Amino acid sequence: MTFLEISNISKTFGNVAAVNDVSLDIAQGEFVTFLGPSGSGKSTTLYMIAGFFEPSGGDVRLGGRSILAEPSNKRNIGMVFQRYTLFPHLSVAENVAFPLRVRRRSAAEIGRKVEEMLALVRLEGFADRMPAQLSGGQQQRVALARALAYDPPLLLMDEPLSALDKKLREEIQDEIRRIHRQTGVTILYVTHDQEEALSLSDRIALFNHGRIEQLGKGRELYEAPRTRFVADFVGHSNFLDCTITRSEGESADIVLPDGGMLSGISLHGAAVAGARAGLMIRPDRLRLSPLGQAAEPGIDAVLSDATFIGETYHFVLATGWGASVNVRMPASRVRPDEVTMGAHMQLHWEATDARLFCH
Amino acid sequence: MLLDFARLGPWRVVLIVIAVLVGAYLLLPILLIVALSFGSSQWLQFPPPGWTLRWYEELFDDPEWIASFLTSFQIAAVVTVLSVVIGLMASFGLTRGEFRGREVLRALFLTPMILPVVVLAVALYAFFLRLHLNGTFLGFVLAHLVIALPFSIIAISNALERFDRDIETAAIVCGASPLEAKIRVTLPGIRLGLISAAIFSFLASWDEVVIAIFMASPDLQTLPVRIYSTLRQDLSPVIAAVSTLLIALTAALMALAALFRKDARS
Amino acid sequence: MTVTDVPLANPSPATARRRGRGIVPVIPALAVVVLVFVIPVLALLLRSVLEPEPGLQNYAAFFGSTTYLKVLGNTFLVAGTVTLATVLLGFPVAWFLAIAPSFWSRLLFAIIILSMWTNLLARTYAWMVLLQRTGIINRTLMDLGLISEPLPLINNLAGVTIGMTYIMLPFMILPLHATIRAIDPAVFQAAALCGASRWQAFTRVMLPLAASGIAAGALMVFVMSLGYFITPALLGGTSNMMLAELIAQLVQSLLDWGLAGAAALVLLVVTLAIYLVQLRFFGFGQARS
Ligand SMILES: Nc1ncnc2c1ncn2[C@@H]1O[C@H](COP(=O)(O)OP(=O)(O)OP(=O)(O)O)[C@@H](O)[C@H]1O
Ligand SMILES: [Mg+2]
């Protein structure tokens, strides 16, 4: 059932369309992440939900009721910001109590709730500390406790971990996952770190130029990208220039610059014969064989670089027409004598792993 | 080398000598006043032939000195309150407003500070003549407010600019109304700016003399005016006593400011 | 980006700008400044071309009179001397403050701040006591047998210069100190490795790096000295006036508002011109750090 309904919202600043006709339905208790490059409109969308910006068009409904007419402080939404926004003159406990105090709750309830929230974020012993005496990670946990203290139905988080180092980030990601499970709160989360998005969310909305380019589970975005942008942004991809020779529905035949022909590749977007396109294959879906030994479709290429990075090998190969292709293989499947610079190899892949994106 | 005191070589002696001389140049006149205020010589002999509290007694026995002291204090207190309140509002407008000419306005607000005060004094004297404000409490307050406002606006604007506005926004998301968020979160966040605005505004009015000389009437004189007119007649040691009290006040305010700065750092 | 850029629930910056969002809280301050500053000052300046009758005769009188030109000359002479003296004394002190052991630099700092904040009249009074004919300086020098007659140290430009140097020194030392502190000590190690002697390091590295601070401090001291009133009035003599005193006297004793307005305009133009130079080259912040 739809809980938060974002329909066709847009926001223009002057003549910049920061958000352009975005629609999204979110179920109660869901964890949805906005992922996308800088300036793609993630924060702006979030701020319209929070009420900091008034949309140029569209509607936002929470629990079936439009919230656009309400000011931020009446929306009863929780929010954690990118920068540390604890009130510097208040102790940790008073920070968490703040939303309850402005709601004129009783002292007893405030005391109980503050304790509960500090326990939730595992900062029980820190009630009397001042924000300046906390580490960045602790500050963001207090901010989380403060945002959840008044049991908001919806929690917004705008890159809350981007100021933290990697290890701390992963630690708090675990905490956020746990708190999400424990409280059942609906979360809208903004990040431009795809690993963070993949590890946290039920669904990801990938933003580009103010639009949602694709919405779906992380695995769908990775395995079935609908546009070249999605394929490029989520995970790593190789794109080989090619020309379509024949297309039929969602399948096409192509010719590569060296004259090699491949047929029956799944196609995204309409294309006519003669159109230029990009052939996308993930580096981890490519395999390498000595020349002439593979049954699958393939390309001849020369090994130009090999890097051993622990669990995997990273190869770079050059095709006959000068394009370079990245390949990642588990180190366990690479025999050392195969790694010879300048060796001619065949690159091949399963037909279902390749996709064509029209230019 | 040149920025390492230990390795400055012979230059170090030069620096030390000049620093000591300048330190003495700056400090000795102040110590001299303090000494003279307790010295028994009417003719300001130094070192004083004996010590006395006579000048302080004369000072406190003179109702005119007391009156001018109170006048100055009252004017400075009212100016301080007005300057901080108006300066706070203006600073919000200048740092957060979105209107054309904001920078021009900021420059305009600061010009009274950089223009020669004698020009303002003469101009206000003429202007207040028509409005019959010369020699009135209101006249003094208005004139000193113009002098104090730039200090207030600078101190508060700086504090507001340093204050992360997302913190105020966070308070609003938490359910506070915009006004409540400003009162409960933003004002405490910029309190050091408010305090220095108050101290500077107070001193700007308290020490102001040029405008006051033009505006003062025999019935309403600020302390600096009284010192000035006394000085034009003779160098009475009573002035040394007044000056010593003023120096004590300055030192106290400095200590207060230092205390707040230390408080802010911890 | 941050939320900070745009007020809450604001339709768009463009429309907001047109509507003057956020201008309301500025109004009280604007009213005070316009009513108690802009209008009176403009009115005074206007009188210079309107009184006693419309025309430029006040300016002709001002620039045509050797008395007034001498006042202008005195003003620039004193301001220039004070500026030079504060640079020469202030530079080594600022340097000392930047590198001396913390106890000594803090002590000197406290003295500077104390002197800066001490009531101007109190400080001027001290110099009147020190410099007078029978004052401490003259008496000490005579006791030491260095002079037989008291030196004329007060009621002339020498007294004004000594007193004003005293008052302006902190305004030179503080910005200079900030500039010198900002210099990375490593540049002198580099200079030494390049073979520069101390003197070369000083003239070729330190002075150029501190030049902006010296210039900013000098301009500020110069312009403040130009318009100074109290110290010249108390330490100077009637025969050697400065511009601010002249303006005061034209109003108080001669009631010549037209000429006073003209003199005020001359002072304002010079002051503003110097501030604009400063603004152009050093930014406003440094000017009033
Ligand atoms: N207040 C504003 N005024 C003008 N333009 C704005 C404003 N806020 C955002 N924009 C523009 O809107 C576009 C989207 O910005 P937004 O902050 O939503 O991006 P984002 O996806 O959050 O990026 P990031 O990852 O860098 O935070 C950008 O082009 C930005 O320049
Ligand atoms: Mg953002």
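User: How much area do domain 1 of chain B and domain 2 of chain B bury between them?
Analyst: In this predicted model, where local features need pLDDT of at least 70 and side-chain atom pairs count only at pLDDT 80 or more, while totals for chains, interfaces and linings use all residues, the two domains of chain B bury about 400 Å², with 83% of that on carbon and sulfur atoms. Buried area is the accessible area (1.4 Å probe) that two parts lose on being put together, summed over both.

User: Which residues of domain 1 lose the most area to domain 2 of chain B?
Analyst: They are B:Ile33, B:Val34 and B:Ser37, which together make up 76% of what the domain 1 side buries. By class, the side of domain 1 that touches domain 2 has four nonpolar residues, one polar and no charged, where Ala, Val, Leu, Ile, Met, Phe, Trp, Tyr, Cys and Pro count as nonpolar, Asp, Glu, Lys and Arg as charged, and the others, Gly among them, as polar.

User: How many salt bridges are there across that interface?
Analyst: The rule, a side-chain nitrogen of Lys or Arg within 4 Å of a carboxyl oxygen of Asp or Glu, finds zero between domain 1 and domain 2 of chain B.

User: And where do the domains of chain B run?
Analyst: Domain 1 covers 5–37 and domain 2 covers 62–265, with bounds that come from an automatic or database domain assignment, and their C-alpha centres lie 32 Å apart. Residues are numbered from 1 along each chain as its sequence is written, chains are lettered from A and ligands numbered from 1 in the order written, and side-chain values use heavy atoms, leaving out hydrogens and water.
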